[in-house]
Amino acid sequence: MGETVIRAVDGVSVEIRAGEFVALLGSSGSGKSSVLNLIAGLDRPTSGSVVVQDRDLAKLSREELAKYRLHVVGMVFQSFNLIASMTLAENVELPLRFAEVDRSQRSNLARQALERVGLRARMNHRPSELSGGEQQRAALARALINRPQLLLADEPTGNLDSHTGTEIMDMVREFNRELGMTVVMVTHERALAERYAQRMIFLADGKLIDDRMNHNPTNDHGANAAAALDRREQGGRS
Amino acid sequence: MKISDLTELALRNLRESVLRNSLTTVGISVGVASLVAMLSLGTGLQQLLSQRLAKSGLFDTVFVSSRRDLRGMGREEERKGPTPGESRVLDEPARQEMEHLPNVSEAYPDIRFATELRYEDKPHLTMISALPLSAKSNDAFDGMQGNFFSSDTAAEVILQKSFAEELLGKTPPLGAPDPGVAELAKPLLGKELTMRYAQRQAAPSTQPPLRGNAATAGEGSVEGAAYSVVSREQKLRIVGVSDLDPETMRGPTRAKVFLPLGLAESLHIMQPTDLREISRAATDEPVYSSVSVRVKNPAQVQAVEDAIKKMGFNTFSILDASNSLRQVFRVLYAFLGIFGSLALTVASIGIVNTLVMAILERRREIGIMKAIGASDGDIQKLFFAEAGAMGILGGIVGVVLGWAIGQIINFGTNIWLKSQSLPPEHFWLVPLWLVVFSIVFAFLVSLVSGLYPAARAARLDPVQALRYE
């Protein structure tokens, strides 16, 4: 994995190493979601750069950005964002369709991913028939299906009660530790960040306020920081 | 995305808002149906007409007459070429030469003469014409009672309906409904007629005619230029009564009684030409007033006509008429096509509307797809696939609908034709090319309609699309 550095106009640069679990904190409108969208390649900076694995996302074509989102990034959202007209299995294998994976292989992978989040029995149900926690687990399975290196979570527990939220967060940490995925999570709940993230970045009004290591997460993450993933942003709107 | 996945997703999306998409598809179907209806009407009419004309033997026939026939046909080109006196005689060698021209299927002489037929001892004077066996396919014999000639030389005869009426003394007063052919044929089929005719006989020049109405001109002045005319009788069996007149185009010289050509030739019947060609007609070889040359394919009529003209004869075909007919149909086609396409145009606006609605509804879904890795192209193709699927479905339903409408109209018209005691017609034809064309056309129109919605969906900003609930 290459290096990514984010450097804001005011001279702030953020570097995220591979395998890190980072929380982006701030009140609403602080720009934390915008930073996430920039890393996800959903948005482009008006100036500056976002470099992931030696690729400057700002310089990629729309087509290349789509490929990047497909293969490098997995995303989960506050509102789950499953497609209501599709069953869980179909939702989970949707990224594989975009990746042009064969049908037989697709259903196998979808089954495995759903198994991993404990929803194998529900694979033929539609999202509306499931609880919020189950929907978010399905969304996690979908985020995993293309084996991305980067998991981006936008308020993943925002619509869940604390018990289910914990369940989801445990799962995210498991992916971070066992699959070596780099996790960037946007949240406004400081307690949640302190409990799970190794590092907390505070934003306000689009500016970086604080960037500190959290030496006391409930579980220390493993020693999979061999390669580094850096993030740099210049003059971004974050 | 793969085509199979696109199709699957497109069909799934169409099913999701099944009512709206069905209505749009019905719109396309109606458009396609009107197109199919219009064009199949045009095709059917053209087919009907050209079949009629092909069967009438007019489109593939060149009528050949001698330039010596001074009556002429009043056409300009007859002034070119050799003068009548120098040109060739239309005789058997000339006929054979024509028959051996490329693309000619047969050349047969027109033998027609007026004579007396006796039926149950009553004389009836009428025009008789000889038909080759190939005339069997003429549609005038479609509704014929009885059979066609059993062989080319059989002593058999086919009557035209109006002559049958005359024989039976049943000629209806003008305006009254005609009696059916079947009714007329029943008492006549298998009966015998006696034909009286004048036989032309080559004779030694010095010998006077045997008997009857001798027509030896310039007796003794030219060596060998004499023949006799002998009155003969021939018994003929009635084998058929035809409903329609196979010689409607002949005008006043059309015949009402038909003989097999071989028989007519073997009888050496005295014909008007013989008198005109009297100075040459000393042999037994017949001279024809005209010869009909049938061409294998109507497209080659012009070439055959030119070749025969080179031989020094006058020709006539209705090639020009068929050309202008084709022109008329081309215009009719374009007109019907434009008219039929109007409904499809309206339907295509329906597609645009439906898809734009779908974008608004599925804004979030498009955003999700983009967030998890769909490219602009994937989204665009997905909307194209939906438009295309509606087009193909609408096209198929439309073809069936158009065909059904055609069948119903055809059926209704035939009931009306029957009530007018006219024979049923099949003027509605949906050829395979029209089926394929309609579906492909509906598909293409739908894709064009999908251009704007697909581009719009592809351009959708995922961040915006995902921001609001």
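This is a predicted model: local features need pLDDT of at least 70, side-chain atom pairs count only at pLDDT 80 or more; totals for chains, interfaces and linings use all residues.
In the hairpin of β3(B) and β4(B), two residues sit between the strands, and one residue there, B:E120, takes a positive phi near 50°.

**The hairpin and its neighbour**

- β3(B) covers residues 112–119 and β4(B) covers residues 122–131; eight bridges join these antiparallel strands.
- If you want a pair to look for, B:R112 stands opposite B:S129 in β4(B).
- β4(B) is also joined to β9(B), residues 257–260, by four bridges, and here the strands run parallel.
- In that pairing, B:L131 has B:P260 of β9(B) as its bridge partner.

**A four-stranded sheet in chain B**

- Chain B also has an open sheet of four strands, in the order β2-β10-β1-β11, with antiparallel pairing.
- The edges are taken by β2(B), residues 104–109, and β11(B), residues 313–316; each has a single partner strand, so one side of each has no neighbour in the sheet.
- From one strand to the next, the twist averages 25°.
- Helix α3(B), residues 92–99, packs on this sheet and touches β1, β2 and β10 of chain B. The direction of α3(B) makes about 160° with that of β2(B).
- β1(B), residues 61–66, runs antiparallel to β11(B), and four bridges join them.

**Chain A in outline**

- Chain A has seven helices and ten strands.
- It is 238 residues long, and 50% of them count as buried.
- Take the contacts in chain A with a separation of 6 or more: 73% of them are between residues 24 or more positions apart.

**Helix α3(A), an enclosed helix**

- How many residues of α3(A) are buried? Eleven of the eleven are, so the helix is largely enclosed by the rest of the structure.
- Just after the helix, A:E100 takes a positive phi of about 55°.

**How α3(A) meets α5(A)**

- The axes of α3(A) and α5(A), residues 132–144, come within 7 Å and cross at roughly 30°.
- The two helices are therefore roughly parallel to each other, and their crossing is right-handed.
- On the α3(A) side, the contact is made by A:L88, A:N91, A:V92, A:L94 and A:P95; on the α5(A) side, by A:A138, A:A141 and A:R142.
- Sorted by class, this contact has six nonpolar residues, one polar and one charged.

**Where chain A touches chain B**

- In this contact, 19 residues of chain A meet 18 residues of chain B.
- α2(A), residues 62–71, and α3(A), residues 88–98, each supply at least two residues of chain A's side.
- The largest share of that side, five residues, comes from α2(A).
- By class, chain A's side has eight nonpolar, four polar and seven charged residues.

**Helix α10(B)**

- α10(B), residues 363–371, is mostly covered, with seven of its nine residues buried.
- Those buried residues are B:E365, B:I366, B:G367, B:I368, B:M369, B:K370 and B:A371.
- They pack against parts of both chains: α2 and β6 of chain A, and α11, α12 and α13 of chain B.
- Just after α10(B), B:G373 takes a positive phi of about 120°.

**A loop residue, B:L460**

- B:L460 lies in the loop between α12(B), residues 432–459, and α13(B), residues 462–467.
- B:L460 is partly exposed, with 18 other C-beta atoms within 10 Å.
- Leaving out residues up to four places away in sequence, B:L460 touches B:R363, B:I366, B:G367 and B:A465.
- The C-alpha atoms of B:L460 and B:I379 are 9.5 Å apart, although 81 residues separate the two along the chain.

Conventions. Residues are numbered from 1 along each chain as its sequence is written. Chains are lettered from A and ligands numbered from 1 in the order in which they are written. Two residues are in contact if their C-beta atoms, placed from the backbone, lie within 7 Å. Ala, Val, Leu, Ile, Met, Phe, Trp, Tyr, Cys and Pro count as nonpolar, Asp, Glu, Lys and Arg as charged, and the others, Gly among them, as polar. Two strands pair if DSSP finds at least two bridges between them. Axes are lines fitted to C-alpha atoms, for helices over the stretch in contact, and angles run from 0 to 180 degrees between N-to-C directions. Angles under 35 degrees count as roughly parallel, over 145 as roughly antiparallel, 65 to 115 as roughly perpendicular and the rest as oblique. A crossing is left-handed if the near helix is turned anticlockwise from the far one by less than a right angle, and right-handed if clockwise. A residue is buried if 20 or more other C-beta atoms lie within 10 Å of its own, exposed if 12 or fewer, and partly exposed in between; C-beta atoms are placed from the backbone.
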